[in-house]
Amino acid sequence: MTGTVTGATPDATTGSGAGDRTATLIPLEAVDPAMIEAVLDRAFGADRHARTAYRIREGMPWLPALSFAALDEDDLLVGTIQCWPIALQTKQGQVPLVMVGPVAVVPERQGEGYGVGLMSAMIAADAQLAADGGAALAQVLIGDADYYGRWGFSAAMTGGWRCPGPYEPHRLLARGAALAAMPAEGMLGPWEGLG
């Protein structure tokens, strides 16, 4: 990747056990889509498109303001995070949400803090959007509560939510002040009319 990324570019320090390394986080839209797909394939396998998360966000474009790429000390792409507009479909209509993920790090760099840096950048960007008057949408993901709990994700409010495919209910996590007003039941899926 070459070129200059303008605007606020978050940086994160990742611990590697042998000293600290600096990871540069850039907007994901500055990365060649083929490179993004290659990282996702390496992190999750070529069969990743069969996962339930892909069905939930089917046809939706990812959100550039909340999606980032991590470059290592040699400016090589080692990780990405994407966020998507989705909705909880209820009898009363759809309620907008943001789906977080995938958070992908190439296998040989996992455990070095890149995922934490990407998540932290997304959380900070979301807070900035809200501070600037943007909609404060609840966020949802399918993942491990032990890992994502540090950012306030939990399964406390998602027990009545369903997904269009197999999933483990305890791994359907959500965060955000908007959760207090969210319906208790519904089906997660694309944000109808937005795609």
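## Largest pocket

The largest share of the lining of the largest pocket, seven residues, is contributed by β5. This is a predicted model, in which local features need pLDDT of at least 70, side-chain atom pairs count only at pLDDT 80 or more, and totals for chains, interfaces and linings use all residues. Residues are numbered from 1 along each chain as its sequence is written, and side-chain values use heavy atoms, with hydrogens and water left out.

The largest pocket is lined by 33 residues, and Phe44, Arg51, Val103, Ile142 and Tyr148 are the ones nearest its centre. Its volume is about 810 Å³. A pocket is an open set of points on a 1 Å grid over the protein atoms alone, where a 1.4 Å probe fits, with protein on both sides within 12 Å along at least five of seven lines; lining residues have an atom within 4 Å of a point. Grid points are joined across faces, edges and corners, and the volume is the space filled by probe spheres set on the points.

At least two lining residues come from each of α1 (33–44), α2 (52–56), β5 (93–105), α3 (114–131), β6 (139–142) and α4 (145–148). By type, the lining divides into 18 nonpolar, seven polar and eight charged residues. Here Ala, Val, Leu, Ile, Met, Phe, Trp, Tyr, Cys and Pro count as nonpolar, Asp, Glu, Lys and Arg as charged, and the others, Gly among them, as polar.

## Overall fold

The protein has four helices and nine strands. Read from the N terminus, the elements run β-β-α-α-β-β-β-α-β-α-β-β-β. Helices (H or I, at least four residues) and strands (E, at least two) are DSSP runs, numbered from the N terminus.

Of the 195 residues in the protein, 41% are buried. Buried means under 20% relative accessible area, exposed over 50%, and partly exposed in between (1.4 Å probe, protein chains only). Among contacts between residues at least 6 apart in sequence, 66% join residues at least 24 apart; a contact means heavy atoms within 4.5 Å.

## Aromatic pairs and charges over rings

The structure holds four aromatic pairs. In one of them, Tyr147 and Tyr148 are edge-to-face, at 4.8 Å centre to centre and with 85° between the planes. The rings of Tyr148 and Trp151 form a tilted pair, because their centres are 6.2 Å apart and their planes are at 45°. Rings of Phe, Tyr and Trp (its six-membered ring) pair if their centres lie within 6.5 Å; planes under 30 degrees apart count as stacked, over 60 as edge-to-face and the rest as tilted. Ring pairs link Tyr147, Tyr148, Trp151 and Phe153 into a cluster.

Tyr147 counts as partly exposed because its relative accessibility is 26%. Tyr148 has 13% relative accessibility and therefore counts as buried; Trp151 is buried as well. Arg150 lies over the face of Tyr147, at 4.4 Å from the ring centre. Arg57 lies over the face of Tyr54, at 4.1 Å from the ring centre. A charge sits over a ring if NZ of Lys or CZ of Arg is within 6 Å of the ring centre and within 35 degrees of the ring normal.

## Buried strand residues

Thr80 is found in strand β4 (residues 77–90) and counts as buried because its relative accessibility is 0%. Leaving aside neighbours within four places in sequence, Thr80 is in contact with Leu28, Val39, Leu40, Phe68, Ala69, Pro102, Val103, Ala104 and Leu118.

Leu172 lies in strand β8 and is buried, with a relative accessible area of 1%. Not counting residues up to four places away in sequence, the residues that Leu172 touches include Val140, Leu141, Ile142, Trp161 and Leu188. Leu172 and Leu141 are 31 residues apart along the chain, and their C-alpha atoms are separated by 6.0 Å.

## An exposed loop residue

Ala184 lies in the loop between β8 (172–175) and β9 (186–190). Ala184 counts as exposed because its relative accessibility is 57%. Not counting residues up to four places away in sequence, Ala184 touches Gly160 and Trp161.

## Backbone features

Gly101 and Pro102 are joined by a cis peptide bond, with omega about 10°. Pro102 has its place in strand β5. Asp75 is not a glycine, yet has a positive phi of about 60°; Asp75 is found in the loop between β3 (68–71) and β4.
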